[in-house]
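Good morning, colleagues. Please take a moment to look at the sequence and the model that I am about to show.

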Amino acid sequence: MRQRLGVNVDHVATLRQVRRAAYPDPVTAAALAEAAGAGQITIHLREDRRHIQDRDLKLLRETCQTLLNLEMAATQEMVKIAYEVKPDLVIQVSLFIDPDLDQVRAAHKLSADRIELHTGRYCEARKAKERARELIRVVDAARAGAKLGLGVAAGHGLNYQNVEAIARIPEIDELNIGHAIVARAVLVGMDRAVRDMLQLMQDA
C-alpha cells in the first residue's frame, strides 16, 4: 500500500473528557490501531487541553510502535513540550491548508516540508457536481505540491463512504483520519474499524 494511514485518537480522549474519567484511554486505542495496521498515530495537544492531555502524549511516546505525529500550535509552550517529548513527526513543518494552488505555492515559499490538504469541502459536498469540483481541487493541489517537492497528506471529514477517491490520488502519501474511525470503533471495535479503512484504501 502506497499510503500511510494515520489514525487520530483525539476523539477517544474527547469521550473520556466528557466525564473526566480514566477511560476510554487514547493510549490503549492507539495500541489497538497500530496492531490493526495503522502506520501512524496522530494527536493534537491543544492549549486548552480539551481532549488529549500531557499524560497521553508522554505515554504514547513510550508505547507507540510506528510513527507518533504531534499536531500543535506554534507557541513557546508547545515547542518546549515537543522538544522534551520528542515525537517522531513535529519539527518537520507541515502546513494544514485548503486545496488551493495559491496556498500550496505559499507553503513552498515558506519552506514547509509537507502540506496536509483540508478535505472538508469535498467531504461535505451534497451534490455530485459539487463533490466532483472539490475533488478536482484536491487533485490539482496534490499534484502541484508534489511537483514543488512537498510531501502531501490529506485529512478532515474523510470516512468510509468518501475515502476511496482521495486514496486514488497518487501524490498523496498519507491520510489522517480520526472521527470516522473512532465513531465506527464504538460500534465494531478499533481493530475492525482500522482494518476496514485500510481495505478501502487498498482497494482504491
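This is a predicted model: local features need pLDDT of at least 70, side-chain atom pairs count only at pLDDT 80 or more; totals for chains, interfaces and linings use all residues.

Residues are numbered from 1 along each chain as its sequence is written, and side-chain values use heavy atoms, with hydrogens and water left out.

Which residues of α1 are buried? They are D10, V12, A13, R16 and Q17, where buried means under 20% relative accessible area, exposed over 50%, and partly exposed in between (1.4 Å probe, protein chains only). The face of α1 turned away from its buried side carries the exposed residues V18 and R19. Just after α1, R20 takes a positive phi of about 50 degrees.

I turn now to the salt bridges, each a side-chain nitrogen of Lys or Arg within 4 Å of a carboxyl oxygen of Asp or Glu. The structure holds 17 of them. In one, R49 pairs with E77, with the closest N and O atoms 2.9 Å apart. R49 lies in the loop between β2 and α3 and E77 in helix α4, so this pair ties together parts that are 28 residues apart in sequence. R49 is buried at 15% relative accessibility, whereas E77 is partly exposed at 38%.

Key: Helices (H or I, at least four residues) and strands (E, at least two) are DSSP runs, numbered from the N terminus.
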